[in-house]
Amino acid sequence: MGGCDGESTNVCIRFFINLVRWLPVVFVAAIVGWAYYAYVYQLVFLAVESIPLRIIYLLVFHILLLLFVASYYQTIFAPLHKPPQEFYITRECTDELNESSEDSQQSEILQRFVHLQGLPVRVRAFEGGVRYCPKCKCIKPDRSHHCSICSQCVRKFDHHCPWVNTCVSFHNYKFFILFLGYGFTLCLWGALTDLPYFIEFWQNNSVNNRVVFGQFNVVFLFFVSSMFCLSLGCLFFYHLLLTGRNRTTLESFRPPIFTHGPDKRAYDMGVSRNYRQVFGSNPILWLLPIYSSNGDGINFPSRLESFEAVRLLDCTDEDEDDEDFFNRIV
Ligand SMILES: [Zn+2]
Ligand SMILES: [Zn+2]
């Protein structure tokens with residue numbers, strides 16, 4: 001009976017924690033809902049008098065809003081990519097690890113497993129061994145990390161974002177950048193189109209109560225959109241910079257370690273190729289919230305590897321075009 005009570009208490013606690021984690025998303029949805037009312041009804045229908053201006057305001061606002069909501073939805077609900085099955089260690093390997101007491105012995109067991117499975121891992125742990133997650137019981141693929149909030153290892157982990165209640169990683173990085181970009185543009189549009197009416201409010205003091213309420217929405221809309229424009233803009237340009245350098249947020253603070261030591265520029269293949277890894281090869285899909293990233297989140301072309309390969313090709317086939325070669329491997 002007591003065990004059953006304990007179990008139901010745990011279920012209640014987990015349910016409560018899950019509920020709390022959705023609060024930032026509910027907050028964003030509530031802000032977007034109120035901003036829609038303030039912009040469309042209070043600003044465009046009640047404050048803007050020119051019909052052509054109303055049409056332009058509504059058209060641009062709705063296109064940006066649609067792209068923003070779709071990117072936000074995709075960032076939240078795109079399925080998280082775990083490491084592939086072959087990265088999870090076998091029962092025999094787990095038993096061996098449990099029996100061994102020394103770190104060096106455990107490191108050897110894991111190294112042997114990686115070798116037998118032929119796993120493409122190059123990134124090393126701080127002490128130089130294979131990176132292993134004891135919680136998921138798996139070898140961590142390059143650029144993967146364990147997220148303690150999502151309780152799993154995640155491919156090309158960037159950070160866990162409470163505003164989307166999930167990890168920002170390989171599976172949704174393009175959507176996350178689009179969410180920031182469209183959020184920034186939408187807020188900028190809102191603030192700029194609201195600005196004349198915001199100024200008018202401070203100049204006009206002879207108003208009745210109904211107008212005061214409407215104007216309060218218009219004034220508050222300017223403050224909210226300016227504030228979000230600034231914060232989303234900073235994050236957006238920071239992630240554009242990181243994408244251009246092919247670094248995750250985590251890697252920008254802690255460079256990946258290889259057998260030759262830490263190398264923060266290891267995955268930097270040049271701005272254009274770095275962007276194509278995240279946004280894909282088809283320009284039509286770049287700005288749309290449709291999945292188009294290149295790669296599998298396990299194998300990443302590395303700068304040093306390419307230089308080696310190009311040098312090798314130079315010796316064997318002189319007609320090979322370096323640019324074509326890079327395009328193929330990125
Ligand atoms: Zn893990
Ligand atoms: Zn997470």
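The following dialogue examines the terms applied to a predicted model of a protein chain with two zinc ions.

Trainee: What does the secondary structure of the protein chain come to?

Mentor: The protein chain has eleven helices and eight strands. Of its 330 residues, 43% are buried. Among contacts with a separation of 6 or more, 62% join residues 24 or more positions apart.

Trainee: Why is α2 called roughly antiparallel to α3?

Mentor: Helix α2 (residues 23–45) and helix α3 (residues 51–77) pack at an angle of about 175°, and their axes are 11 Å apart. Angles over 145 degrees count as roughly antiparallel, and therefore α2 is roughly antiparallel to α3.

Trainee: Which residues of α2 and α3 meet, and how do they divide into nonpolar, polar and charged?

Mentor: From α2 the residues are V25, V28, V32, Y36, Y39, V40, V44 and F45. From α3 they are R54, Y57, L58, F61, H62, L65, F68, Y72 and I76. The contact of α2 with α3 comprises 15 nonpolar residues, one polar and one charged. Arg counts as charged, and R54 is among the residues that α3 brings to this contact.

Trainee: What makes the arrangement around the zinc ion (ligand 1) tetrahedral?

Mentor: The zinc ion (ligand 1) is coordinated by C133 (SG), C136 (SG), H146 (ND1) and C153 (SG), at 2.0 to 2.3 Å. These distances can be set against the donor cut-off, within 2.8 Å of the metal. The four donor atoms subtend angles of 102 to 125°. Four donors count as tetrahedral if all angles lie between 85 and 135 degrees, so the arrangement around the zinc ion (ligand 1) is tetrahedral.

Trainee: How are the donor residues of the zinc ion (ligand 1) spaced in sequence, and which parts does the pair of C136 and H146 tie together?

Mentor: The spacing is C-x2-C-x9-H-x6-C. C136 lies in the loop between β1 (132–133) and β2 (138–139), while H146 is in strand β3, so the pair ties together parts ten residues apart in sequence. C136 has a relative accessible area of 16%; since buried means under 20%, C136 is buried.

Trainee: What makes the arrangement around the zinc ion (ligand 2) tetrahedral?

Mentor: Here the donors are C147 (SG), C150 (SG), H160 (ND1) and C167 (SG), at 2.1 to 2.3 Å. Their angles of 101 to 122° are to be set against the limits of 85 and 135 degrees, and the arrangement is therefore tetrahedral. Along the chain the donors of the zinc ion (ligand 2) follow the spacing C-x2-C-x9-H-x6-C. One pair links distant parts of the chain: C150 belongs to the loop between β3 (145–147) and β4 (152–154), and H160, ten residues apart from it, to strand β5 (residues 159–161).

Trainee: How do you know whether H160 is buried or exposed?

Mentor: H160 has 18% relative accessibility. The limit for a buried residue is under 20%, so H160 counts as buried.

Trainee: What is the phi of K156, and why is K156 called buried?

Mentor: K156 has a positive phi of about 40°, although K156 is not a glycine. Most residues other than glycine have a negative phi. K156 is found in the loop between β4 and β5. Its relative accessibility is 10%, and K156 therefore counts as buried.

Trainee: What is the phi of N246, and where is N246 placed?

Mentor: The phi of N246 is near 55°, again a positive value in a residue other than glycine. N246 lies in the loop between α7 (209–245) and α8 (249–253). With 5% relative accessibility, N246 counts as buried.

Trainee: Which residues of α9 are buried, and what makes R273 one of them?

Mentor: In α9 the buried residues are R273, N274, Q277, V278 and F279. R273 has a relative accessible area of 14%, so R273 is buried. Just after α9, G280 takes a positive phi of about 90°.

Trainee: Where is S302, and how do you know whether S302 is buried or exposed?

Mentor: S302 is in the loop between α9 (271–279) and α10 (303–316). Its relative accessible area is 11%, and S302 is therefore buried. Leaving aside neighbours within four places in sequence, S302 is in contact with A266, Y267 and M269.

Definitions and conventions:
Residues numbered from 1 in each chain as written. Chains lettered and ligands numbered in written order. Predicted model: local features only at pLDDT ≥ 70, side-chain atom pairs only at ≥ 80, totals over all residues. Heavy atoms only, no water. Axes fitted to C-alpha atoms, helices over the stretch in contact; angles between N-to-C directions. Helix = DSSP H or I, 4+ residues; strand = E, 2+ residues; numbered from the N terminus. Parallel < 35°, antiparallel > 145°, perpendicular 65-115°, else oblique. Contact = heavy atoms within 4.5 Å. Donors = N, O, S within 2.8 Å, 3.2 Å for Na, K, Ca; no water. Tetrahedral: all angles 85-135°; square planar, octahedral: opposite > 155°, others 65-115°. Buried < 20%, exposed > 50% of the residue type's maximum accessible area, 1.4 Å probe, protein only.
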